[in-house]
Amino acid sequence: MQGSRLHQLVYVSTAAKLDEGDIAAILATAQRRNESQEITGFLLYNGRNFLQLVEGEEARLLNLCARLANDPRHTGMVITSNIAIEERAYPDWTMNLIGWVDDVDTRMARISERIGDRLNNDVQRLVLNFAALN
């Protein structure tokens, strides 16, 4: 995206009672909308909370967050990080749902493997701390 500054934004929120079909619908809608807005990133869902990392032009990310703040499928949305970046960490992920497993060690290893070492240390720590929650 030339001429615009890339940002990486992370938010957390409390999910409403959702089933696998709800999560699949969220993912499909996010992938479709994000592609048209040149937004990339991933979603973690632990059955109670969301953590979403999105990358793109800052104005588009803030518009996305304003729309998501009114989504009844979650409450208490808090932006925990909003930083300028030189390049996307996940340029090919219009929205990637990273699977959740009950065993914390397996979960941490899976998430760490999926996100790799492409995030700055603070954001990486934030994501992995979320992954450690039960």
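## Salt bridges

Asp-71 is buried, at a relative accessible area of 15% (buried means under 20% relative accessible area, exposed over 50% and partly exposed in between, with a 1.4 Å probe and protein chains only). The model is a predicted one, in which local features need pLDDT of at least 70 and side-chain atom pairs count only at pLDDT 80 or more, while totals for chains, interfaces and linings use all residues. Residues are numbered from 1 along each chain as its sequence is written, and side-chain values use heavy atoms, with hydrogens and water left out.

The side chain of Asp-71 forms a salt bridge with that of Arg-73 at 2.7 Å, N to O (a salt bridge is a side-chain nitrogen of Lys or Arg within 4 Å of a carboxyl oxygen of Asp or Glu). Arg-73 is partly exposed, with a relative accessible area of 31%. Three salt bridges are found in a search of the whole structure. Another joins the side chains of Glu-38 and Arg-60, at 3.7 Å from N to O. Glu-38 is in the loop between α1 (20-37) and β2, and Arg-60 is in helix α2 (residues 58-69), so this pair ties together parts 22 residues apart in sequence. Helices (H or I, at least four residues) and strands (E, at least two) are DSSP runs, numbered from the N terminus. Both partners are partly exposed: Glu-38 has a relative accessible area of 40%, and Arg-60 has 27%.

## Helix α4

Helix α4 (residues 121-132) has 12 residues and spans 16 Å from its first C-alpha to its last, close to the 16 Å expected at 1.5 Å a residue (the expected span is 1.5 Å times one less than the number of residues). Its buried residues are Val-123, Gln-124, Val-127, Leu-128, Phe-130 and Ala-131. Viewed down the axis of α4, these fall within an arc of 155 degrees, so they line one face of the helix; the arc is that of the directions from the helix axis to the C-beta atoms. Their cover includes β1 (6-15), β2 (40-45), β3 (49-57), β4 (74-84) and α3 (104-115).

On the other side of α4, Asn-121 and Asp-122 are exposed, Asp-122 at 55% relative accessibility. Asp-122 forms a salt bridge with Arg-125, the closest N and O atoms being 2.8 Å apart. Both residues lie in α4, three residues apart, or about one turn of the helix. Arg-125 counts as partly exposed, at 46% relative accessibility. At the start of the helix, a side-chain oxygen of Asn-120 comes to within 2.9 Å of the backbone nitrogen of Asp-122.

## Nonpolar cores

In soluble globular proteins, nonpolar side chains tend to be buried together. Here the largest nonpolar core has 18 residues, and those with the most contacts inside it are Leu-18, Ile-23, Ile-26, Tyr-45, Phe-50, Val-54 and Met-95. A nonpolar core is a set of buried Ala, Val, Leu, Ile, Met, Phe, Trp, Tyr and Cys residues joined through side-chain atoms within 4.5 Å. The elements giving two or more residues to this core are β1, α1, β2, β3 and α2. A second, separate core of 17 residues includes Phe-42, Leu-44, Ile-98 and Val-123.

Not counting residues up to four places away in sequence, Val-54 touches His-7, Gln-8, Leu-9, Ile-39, Thr-40, Gly-41, Leu-61, Leu-64 and Met-95 (contact means heavy atoms within 4.5 Å).

## Asn-34

Asn-34 is in helix α1 and counts as buried, at 3% relative accessibility. Leaving aside neighbours within four places in sequence, Asn-34 is in contact with Ile-39, Leu-64, Thr-94 and Met-95.

Key:
Polar contact = N/O pair within 3.5 Å; in protein donor to acceptor, adjacent residues only side chain to side chain.
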